[in-house]
Amino acid sequence: MARIVGVDLPRAKRVEVALQSIYGIGPARAKRLMARLNLDPTLRVQNMTDEQVNTLSALIQNEYK
């Protein structure tokens, strides 16, 4: 299970949809994050590598409050 900024992301959902469970991230911001990291839009949370999770977590923590 991916844990980003204290929120466990639902494993079976697409990353773009799962990111919206984090306070302050909506559909538009989730799409921008995915595009910025060059992640596949159909990628599911359960298929993310540890490196992808760490990169995404660092980006969210550094860019957003």
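Trainee: What is the relative accessible area of Val 5, and is Val 5 buried, partly exposed or exposed?

Mentor: This is a predicted model, in which local features need pLDDT of at least 70, side-chain atom pairs count only at pLDDT 80 or more, and totals for chains, interfaces and linings use all residues. The classes are set by relative accessible area: buried is under 20%, exposed is over 50%, and partly exposed is in between (1.4 Å probe, protein chains only). For Val 5 the relative accessible area is 36%, so the class is partly exposed.

Trainee: Where does Val 5 lie, and what is its phi?

Mentor: Residues are numbered from 1 along each chain as its sequence is written, and side-chain values use heavy atoms, with hydrogens and water left out. Val 5 occupies the loop between strand 1 (3-4) and strand 2 (7-8); helices (H or I, at least four residues) and strands (E, at least two) are DSSP runs numbered from the N terminus. Although Val 5 is not a glycine, its phi is positive, at about 45 degrees.

Trainee: In what order do the elements of the chain run?

Mentor: The chain contains three helices and two strands. From the N terminus on, their order is β-β-α-α-α.

Trainee: What radius of gyration does the chain have, and what does the globule rule give?

Mentor: The C-alpha trace spans about 25 × 20 × 20 Å along its principal axes. The radius of gyration is taken over C-alpha atoms, and the globule rule is 2.2 Å times the number of residues to the power 0.38. The chain is as compact as a globular protein of 65 residues, because its radius of gyration of 10 Å is close to the rule's 11 Å.

Trainee: Which residues have the most contacts inside the largest nonpolar core?

Mentor: In soluble globular proteins, nonpolar side chains tend to be buried together. A nonpolar core is a set of buried Ala, Val, Leu, Ile, Met, Phe, Trp, Tyr and Cys residues joined through side-chain atoms within 4.5 Å. The largest such core here has 19 residues, and those with the most contacts inside it are Leu 9, Val 15, Leu 19, Leu 56 and Ile 60.

Trainee: Which helix supplies the largest share of this core?

Mentor: Helix 1, helix 2 and helix 3 each contribute at least two residues to the core. The largest share amounts to four residues and comes from helix 3.

Trainee: Which residues does Leu 19 touch?

Mentor: Contact means heavy atoms within 4.5 Å. Leaving aside residues up to four places away in sequence, Leu 19 touches Leu 9, Ile 25, Ala 30, Leu 33, Met 34, Leu 56 and Ile 60.

Trainee: Glu 16 is buried yet has no salt bridge; which side chain of opposite charge is nearest?

Mentor: Glu 16 belongs to helix 1 (residues 15-18), and beyond four places in sequence it touches Ala 30, Lys 31, Met 34 and Pro 41. A salt bridge is a side-chain nitrogen of Lys or Arg within 4 Å of a carboxyl oxygen of Asp or Glu. Lys and Arg count as positive and Asp and Glu as negative, while His and the chain ends are not counted. The nearest side chain of opposite charge to Glu 16 is 4.2 Å away and belongs to Arg 14.

Trainee: How many residues apart in sequence are the parts that Glu 63 and Arg 36 tie together?

Mentor: The structure holds two salt bridges, one of them between Arg 3 and Asp 8 at 2.9 Å, N to O. The side chains of Glu 63 and Arg 36 form a salt bridge at 3.5 Å, N to O. Because Glu 63 lies in helix 3 and Arg 36 in helix 2, the pair ties together parts whose separation in sequence is 27 residues.

Trainee: Is Ser 57 buried or exposed, and which residues does Ser 57 touch?

Mentor: Ser 57 is part of helix 3. Its relative accessibility is 13%, so Ser 57 counts as buried. Not counting residues up to four places away in sequence, Ser 57 touches Ile 4 and Val 5.
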